[in-house]
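Dear colleague,

Here is the structure I am handing over to you. My notes on what was found in it follow.

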Amino acid sequence: MHVMSYCESPPALPLRHMVAAYWCIEQNETDAGGMHRVLPDGCADLICDFTAGTVQARWVGTMTHAVLVSTGSTQRLFGIRFASGGLFPLLGAPLSLLVDRVAELDALPARYWQPPLEAWRDAPDFSTRCALADASLIATLDGHAGDGATALLHALRHAEVLPTVAELSRRTGLGVRSLQRRFIESLGVSPRQHLCYLRFERARHLLEFHHAGAAEVALAAGYSDQAHFVREFRRFAGVTPGRWC
């Protein structure tokens with residue numbers, strides 16, 4: 001028998017520009033398990049593995065394509081999913097170092113934050129770990145609360161209509177090259193790549209929750225045509241819209 005539970009919780013209100021969610025996985029394995037497709041979400045994560053009774057912590061950077069992960073092993077995981085641009089002020093290193101990569105926390109420690117790893121390991125439940133994370137991160141906010149890039153990325157996620165890179169450059173008052181450097185540093189990918197991801201995310205939401213057809217989704221999400229939509233969807237998800245649904 002293969003049993004997996006997944007929990008997710010929002011952070012404290014002062015952290016919502018920085019943290020998208022806390023999450024945990026508790027999984028017991030008595031069979032071969034299977035594979036799960038993880039899609040890009042524009043975020044970076046800190047994942048703490050308590051399976052062996054110790055703490056193994058690793059960063060997972062911004063993803064540009066889907067990956068398949070095994071669900072067939074015993075796991076006790078606690079994670080922090082940082083909002084787009086939310087990790088950079090804590091890490092103090094460009095997020096380009098982590099794009100489509102995993103790095104051990106020991107190899108790339110956060111310059112401005114000391115995660116309470118042992119306290120998380122010894123906590124009795126998920127809600128206690130979330131509270132400890134809230135307290136630890138709130139304590140770092142003074143002087144490391146983020147910059148204009150964090151606010152810009154938050155605004156883009158909630159924009160009614162996605163701008164072009166040229167429009168974004170005009171709105172921010174930054175030249176295209178300066179904008180590119182800011183995105184690479186704070187998020188790890190270029191403005192164009194991030195806008196493509198946001199369009200994909202809107203299209204996926206329409207497919208999953210509104211059961212719209214491909215032509216309707218392409219138009220609503222801002223693709224030039226249906227073929228463009230199918231190409232971009234396959235690039236991010238690894239499958240066509242028809243197979244995804």
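Threonine 64 counts as buried, because its relative accessibility is 19% and buried means under 20% relative accessible area, with exposed over 50% and partly exposed in between (1.4 Å probe, protein chains only). This is a predicted model, in which local features need pLDDT of at least 70 and side-chain atom pairs count only at pLDDT 80 or more, while totals for chains, interfaces and linings use all residues. Residues are numbered from 1 along each chain as its sequence is written, and side-chain values use heavy atoms, with hydrogens and water left out.

Threonine 64 is in the loop between strand S5 (56-60) and strand S6 (67-70); strands (E, at least two residues) and helices (H or I, at least four) are DSSP runs numbered from the N terminus. Its side chain makes a polar contact of 2.5 Å with the side chain of aspartate 100. A polar contact is a pair of N or O atoms within 3.5 Å; within protein, one must be able to donate a hydrogen and the other to accept it, and residues adjacent in sequence count only if both atoms are side-chain atoms. Not counting residues up to four places away in sequence, threonine 64 touches Pro40, Val99, Asp100, Val189, Arg235 and Phe236 (contact means heavy atoms within 4.5 Å).

Next, aspartate 49, which is found in strand S4 (residues 44-49). Aspartate 49 is buried but has no salt bridge, and arginine 58, the nearest side chain of opposite charge, is 4.2 Å away. A salt bridge is a side-chain nitrogen of Lys or Arg within 4 Å of a carboxyl oxygen of Asp or Glu; Lys and Arg count as positive, Asp and Glu as negative, and His and the chain ends are not counted. The side chains of aspartate 49 and threonine 51 are joined by a polar contact of 2.5 Å.

On the aromatic side, the whole structure has 13 aromatic pairs. Rings of Phe, Tyr and Trp (its six-membered ring) pair if their centres lie within 6.5 Å; planes under 30 degrees apart count as stacked, over 60 as edge-to-face and the rest as tilted. Phenylalanine 82 and tryptophan 113 form an edge-to-face pair, because their planes are at 80°, with the ring centres 6.2 Å apart. This pair links distant parts of the chain, 31 residues apart: phenylalanine 82 is in strand S7 (residues 75-82) and tryptophan 113 in the loop between strand S8 (102-104) and helix H2 (117-122). Phenylalanine 82 is buried at 0%, and tryptophan 113 is buried at 3%.

Regards
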